[in-house]
Amino acid sequence: MLTVELGYYGLFVALLASAWASVASLLATVGRERGLQQSAERSLLASFGFIVLAALCLEVGFLTNDFRLDYVFHYSSIAQPLPYKIGALWGGQSGSLLLWVLILAGMSALVLATNRAKNRALMPVVTAVLGVVVTFFLVLLNFVESPFTLGPARGDGVGLNPQLKNYWMMIHPPCLYLGYVGFTVPFAFAISALANRRSGDLWFRTTRRWTLFSWFFLGTGILMGSYWAYIELGWGGYWAWDPVENASLMPWLTATAFLHSVMIQEKKGMLKIWNVLLVILTFSLSIFGTFLTRSGIISSVHAFATSNIGPAFGVFLGVVFFGALALMILRLPDLRSEARLESVVSRESSFLFNNLVLVGIAATVLFLTTFPMLSEMTTGRKVTMGPPIFNLVNIPWALFLLFLTGVGPLIAWRKATASHLRRNFLFPAAAGAWVLLGLFFLAPRAYLSGFGELFRSLASLDVAGAFERLKIFYPALTFSLGAFVLGTVGLEFKRGIHARRVQHGESVATALARLVWRNKRRYGGYVVHVGIVLIFFGIAGSSAYKKEAVQEMSPGEVFEVDGYQMRYDGYHLDAMDDHLGAVTEVSLFQDGRRVASLEAEQRFHPNMVFPELRDAFLRAKSLSGGDPAVYQSAVARLYPLIRELEQGAGREVKTPSTEVAIHASLSPFAPTRFGEDFYLTPLWVDPQSGRASFRVFVNPMVNFIWFGAFVLVLGAHLAVLPDPRERKRLTATIALEERAVA
Amino acid sequence: MRRRAILVLLAFLALAGARAAGDEAFQREFDYATRTILCDCGCSPQSVHDCACGRAEEMRNEIAAAIREGKTGAQVVDGYVARYGEKIRVAPTASGFNLLAWLGPGVALLLGILASVLILRRWKRRSATEEAAAPVTPPAEDDPYVARLREQLKEYE
């Protein structure tokens with residue numbers, strides 16, 4: 001078909017255009033030639049157009065089941081539902097790279113369009129940086145990992161990995177990529193500011209919303225990924241410290257640090273070097289994240305696609321990071337701080353600690369993720385870095401961060417006096433202390449013996465033991481620090497509302513609305529803090545008080561776990577879309593009252609490349625809706641067929657997966673259970689007798705994570721809304737800069 | 001007769017108690033082993049206890065059988081380490097070179113905090129001496145337009 005050729009050559013033309021954009025804009029910086037810069041901007045736009053064309057061509061390949069295309073063959077099949085055909089674009093390596101560059105080129109076009117009349121001095125280098133990054137990805141797509149590689153004509157495809165066939169999995173990668181890619185824009189402006197020796201406020205004021213946007217999408221991308229893991233992977237958890245999860249967390253942490261420290265530069269002209277460094281780090285870590293996800297250098301659940309782009313990425317990453325660092329060092333004199341610090345007890349220093357901890361956690365995660373390589377190089381021993389060590393090493397610092405979240409907003413800029421501290425911190429600190437005391441008196445003996453064991457471990461130099469003993473204190477500390485932070489945020493709102501009521505005589509509601517509306521950035525930030533506290537609560541509750549059990553049951557049996565009675569009512573077999581499965585029907589009771597009926601499914605996704613299996617599967621599927629008995633027995637016959645084929649082929653001819661059933665307790669009348677999930681997944685189901693092995697988790701408070709995510713989204717939206725005050729600041733900064741140049 | 005009945009009852013209770021204790025010991029050793037050993041399914045680094053794949057189910061059965069034979073959890077773990085090497089532990093032991101991973105980040109962050117405090121104090125000293133040396137009036141703007149812009153900027157802060 002013509003679309004394949006169109007896509008293939010489209011990518012090539014896009015490469016030529018973006019390469020020219022990089023060269024021409026670089027020449028424009030030297031020659032100050034207006035025409036060259038115009039040509040560069042136009043070719044970057046053209047490049048975007050051709051990338052869109054290529055992406056559309058690949059989508060057409062998916063929609064028309066063009067299995068000559070290797071990429072379509074591997075990630076789609078005829079039976080694959082339509083949304084997953086469309087989403088299969090980012091199911092594998094080259095398609096993901098294509099999506100990356102598509103987003104980046106789109107953002108570049110937007111940057112060019114919005115800066116047509118301003119920032120003219122910065123634009124040539126900005127265009128060059130964007131152009132070079134686009135060109136790098138297009139080189140990979142053209143010469144290393146083409147999505148348009150053709151193979152023999154094939155009747156049907158392998159299909160997308162079943163675990164990826166999930167609504168959240170379809171939107172999680174694009175969301176994450178929006179975040180990763182978005183950081184290219186502040187990075188390009190930072191580099192341009194350095195290169196042009198205009199390292200004032202302009203670059204970050206211009207890119208403030210870009211940074212917030214990317215931070216937001218990376219954050220929600222991570223949360224969506226956790227949610228996907230929780231409802232899809234069936235192990236009852238949401239975060240496994242998988243290398244690729246870590247790779248997305250690291251740039252998010254450094255970006256969070258940047259969002260805070262940039263405020264100090266705005267207000268005080270301090271930390272200029274640090275801010276540039278943070279942007280360089282964030283962008284480099286984004287590239288590193290893509291590199292980890294896509295190169296398979298560290299084996300991981302996310303390595304759904306692995307191949308040979310590792311070396312190219314390594315070189316690019318090195319050039320980006322060390323090149324940017326060298327430029328920064330060259331420009332150090334420009335970045336001298338105008339700083340003066342009046343007191344160590346001030347918001348400036350609390351922000352400095354906040355940055356230290358955020359970057360420290362990012363560095364810890366990086367260090368632990370790469371430790372297996374370090375260990376192998378130094379001692380020759382291979383080790384595994386699983387969740388326990390990440391949790392134990394990071395939790396103390398996360399708690400310190402939570403503490404600083406409370407301190408930051410309330411401590412004064414410049415200098416906090418004793419009376420100021422008393423006025424601001426008395427109420428929140430009391431709230432935290434009450435929660436801590438309350439939790440202590442709930443189980444005083446446990447905490448006291450915990451202390452004893454901790455000291456014994458410390459005395460015997462048992463490091464792992466000491467970390468382990470600390471665990472019992474974390475939930476109480478989290479809840480108490482969380483109460484402290486909520487107290488500080490509450491106080492901020494209360495004071496603001498009070499001031500407005502006194503000044504303007506407004507009602508509480510009006511005062512609140514106007515307060516937030518007039519200071520979107522500040523109060524949006526506070527709302528984000530509340531979201532973070534809720535997420536901390538959810539993590540603490542669900543990891544400390546989680547209950548779990550494994551039970552084999554036959555239909556009709558009842559099993560009791562942590563106050564829930566589950567009755568295994570029965571099961572039916574099903575052949576749908578591209579899978580067959582045993583659906584177990586379970587009734588859930590609490591205190592004799594039926595609270596939910598659950599359906600958890602054990603699925604097999606047959607490999608359609610085996611014609612026998614394919615035909616039998618399609619036959620069974622076609623019987624659906626007819627005589628139930630005939631249909632059930634047709635599906636049941638697929639199981640022995642699969643076993644037989646597997647014995648013959650000597651390998652698996654199906655991919656198993658489970659559909660989890662979750663009952664969330666959200667009733668306000670059962671406060672101790674509020675936010676709790678009853679989480680049920682079948683380990684196996686016998687298709688003949690229906691005997692099944694169930695794995696059950698009771699996850700207290702886990703829903704607070706998703707509530708927190710929702711609040712976080714709300715806060716971030718507030719902060720990113722257009723704000724006339726921010727616009728005036730930006731216009732004034734631009735005017736100041738233009739004047740300085742003239 | 002009655003004494004015999006009591007004796008039988010006591011024996012029964014003792015047996016049940018022993019069995020419960022046995023169950024408890026089994027669960028303790030089983031938990032220790034399954035939470036320490038890595039599932040070798042090759043997905044994400046998850047312990048046999050947590051992993052949701054079919055391979056984890058097989059490994060759980062293997063480990064349960066070994067413990068029923070009378071091995072302790074630690075012995076089962078040692079057996080796996082002897083067979084597959086250190087990497088079969090879901091996290092490295094806190095000893096030798098691995099201590100760097102366990103303690104390094106904490107030490108580094110503490111040093112970071114110390115360094116920050118020192119830097120902050122130096123900044124403070126510097127601004128104190130600068131303030132003493134510098135004239136109190138801000139440097140005069142030669143361009144009135146720029147001066148006005150600066151004023152405006154200040155207002156918005």
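This is a predicted model: local features need pLDDT of at least 70, side-chain atom pairs count only at pLDDT 80 or more; totals for chains, interfaces and linings use all residues.

Me: How many residues does the largest nonpolar core have?
Reply: The largest nonpolar core has 214 residues, and A:Val101, A:Val129 and A:Phe137 have the most contacts inside it. A nonpolar core is a set of buried Ala, Val, Leu, Ile, Met, Phe, Trp, Tyr and Cys residues joined through C-beta atoms within 7 Å. Buried means that 20 or more other C-beta atoms lie within 10 Å of the residue's own, exposed that 12 or fewer do, and partly exposed is in between, with C-beta atoms placed from the backbone.

Me: Which helix gives the most to this core?
Reply: Helix α6 (residues 123–144) of chain A does, with 14 residues. Helices are DSSP runs of H or I with at least four residues, strands are runs of E with at least two, and both are numbered from the N terminus.

Me: And what is the second core?
Reply: A second, separate core has 31 residues, including A:Met566, A:Tyr568, A:Tyr631 and A:Phe697.

Me: What does A:Val129 contact, leaving aside neighbours within four places in sequence?
Reply: On that basis A:Val129 is in contact with A:Phe187, A:Ala188, A:Ile191 and A:Ser192. Contact requires C-beta atoms, placed from the backbone, to lie within 7 Å.

Me: Which residues make the contact between α8(A) and α13(A)?
Reply: A:Ile191, A:Leu194 and A:Ala195 of α8(A) meet A:Ala324, A:Leu327 and A:Met328 of α13(A).

Me: Now the strands. How many bridges join β2(A) to β3(A)?
Reply: Four bridges join strand β2 (residues 558–561) to strand β3 (residues 564–576) of chain A, and the two run antiparallel. Strands pair if DSSP finds at least two bridges between them. A:Phe559 stands opposite A:Met566 in β3(A). The hairpin has two residues between the strands, and A:Asp562 in the turn has a positive phi of about 45°.

Me: What follows β3(A)?
Reply: β3(A) pairs with strand β4 (residues 579–590) of chain A in the antiparallel sense over eleven bridges. Here A:Met566 stands opposite A:Leu588 in β4(A). In this hairpin A:Asp577 takes a positive phi near 40°.

Me: Why is β8(A) described as largely enclosed?
Reply: Nine of the ten residues of strand β8 (residues 676–685) of chain A are buried, so the rest of the structure largely encloses the strand. Five bridges join β8(A) to β7(A), antiparallel, and eight join β8(A) to β9(A), also antiparallel.

Me: Is A:Phe617 buried or exposed?
Reply: A:Phe617, in helix α22 (residues 611–622) of chain A, is buried, with 26 other C-beta atoms within 10 Å. The C-alpha atoms of A:Phe617 and A:His579 are separated by 8.4 Å, although the residues are 38 apart along the chain.

Me: And A:Glu646?
Reply: A:Glu646 is found in helix α23 (residues 628–649) of chain A and counts as partly exposed, with 13 C-beta neighbours inside 10 Å.

Note on methods: Residues are numbered from 1 along each chain as its sequence is written. Chains are lettered from A and ligands numbered from 1 in the order in which they are written. Two residues are in contact if their C-beta atoms, placed from the backbone, lie within 7 Å.
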